[in-house]
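Please keep the structure in view while reading.

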Amino acid sequence: VSLARDHNMSLESSPPGLARKGVRAGDMESLVLACNQDGMDNLRKGNLMATFEQLKYAEAILIANHKEADSSSLLAVTCNNLGCYYKKVGKLHAALSYLRRALKIEVAITTDNGTVAGTHLNICAILSKLEKHDKALQHALTALELIATHVHQSEQYAQTGIGDKMPGVTQDDYTTLAIAYHNVAVEQEFLQQWDRAAMAYKRGFEIAKRCMGDSHPFTEALGRNIAAVLSKTS
């Protein structure tokens with residue numbers, strides 16, 4: 001996850017090689033996940049060629065075996081990670097293409113809200129870099145709605161046992177929620193919606209403070225952003 005004052009944050013997927021055409025479904029899944037894991041580990045280390053090779057290899061395995069097994073969820077993960085790779089190397093239109101492909105798959109197979117929210121945040125970050133701030137804000141708001149609903153329903157089920165069975169809220173869920181507020185605020189700031197931006201930064205700050213602590217760099221950054229935006233409203 002990267003953070004800068006002038007653009008948005010994105011979320012990198014990191015689910016946990018070598019393949020032959022026609023491998024068994026279970027073997028294929030393990031292999032594709034391993035390629036994605038290795039690829040994203042290399043991306044974090046700055047090993048860009050190794051990242052590209054692992055992720056494109058995972059994509060090739062899925063294309064070669066698409067008739068043998070339902071690999072939609074694996075393809076969504078791989079497309080999302082390729083989007084993160086292309087964003088890292090500055091090929092923003094390629095990044096956007098892969099991320100939109102991932103989102104289309106995730107929606108079609110009813111992926112959990114937290115994962116879909118992460119993809120919307122990744123798309124938001126690309127659109128922000130392309131200075132398409134209206135569209136970026138829409139993706140940020142969609143991500144916020146998805147992850148906020150997921151967190152609320154999970155907390156409600158944990159407290160009351162009422163509603164559809166939900167997994168417990170994870171640290172990643174709260175982090176995604178804080179990032180969603182951050183991205184909404186950044187785009188509102190670009191669009192000179194100062195009061196709304198200040199409110200979004202404040203809500204993100206409160207969540208980050210609770211789940212990451214006062215001294216976490218992200219919490220501190222959100223706190224500084226609140227003060228900076230408020231100075232523009234006066």
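In this predicted model, helices H4 and H5 are roughly antiparallel to each other, because their packing angle of about 155° is over 145 degrees. H4 covers residues 92-108 and H5 covers residues 113-129, and their axes lie 10 Å apart. The crossing of these two helices is left-handed. On the H4 side, the residues in contact include Leu92, Leu96, Leu99 and Leu103, while H5 contributes, among others, Val116, Ile123 and Ile126. The residues of this contact comprise ten nonpolar, four polar and three charged.

A second pair is formed by H2 (residues 48-64) and H3 (residues 72-88), whose axes come within 10 Å and cross at roughly 155°. This angle makes H2 roughly antiparallel to H3. The crossing is left-handed. Among the residues making the contact are Phe52 and Leu55 of H2 and Leu82 and Tyr85 of H3.

The table sets out the composition of the two contacts.

Helix H6 (residues 133-160) can be checked for its length. Its 28 residues, at 1.5 Å a residue, should span 40 Å, and its end C-alpha atoms are 40 Å apart, which agrees. The buried residues of H6 include Ala136, Leu137, Ala140, Leu144, Ile147 and Val151. What covers the buried residues of H6 includes H4, H5 and helix H7 (171-190).

Key. Residues numbered from 1 in each chain as written. Predicted model: local features only at pLDDT ≥ 70, side-chain atom pairs only at ≥ 80, totals over all residues. Heavy atoms only, no water. Axes fitted to C-alpha atoms, helices over the stretch in contact; angles between N-to-C directions. Helix = DSSP H or I, 4+ residues; strand = E, 2+ residues; numbered from the N terminus. Parallel < 35°, antiparallel > 145°, perpendicular 65-115°, else oblique. Left-handed = near helix turned anticlockwise from the far one by under 90°. Contact = heavy atoms within 4.5 Å. Nonpolar A, V, L, I, M, F, W, Y, C, P; charged D, E, K, R; others polar. Expected span 1.5 Å × (residues − 1). Buried < 20%, exposed > 50% of the residue type's maximum accessible area, 1.4 Å probe, protein only.
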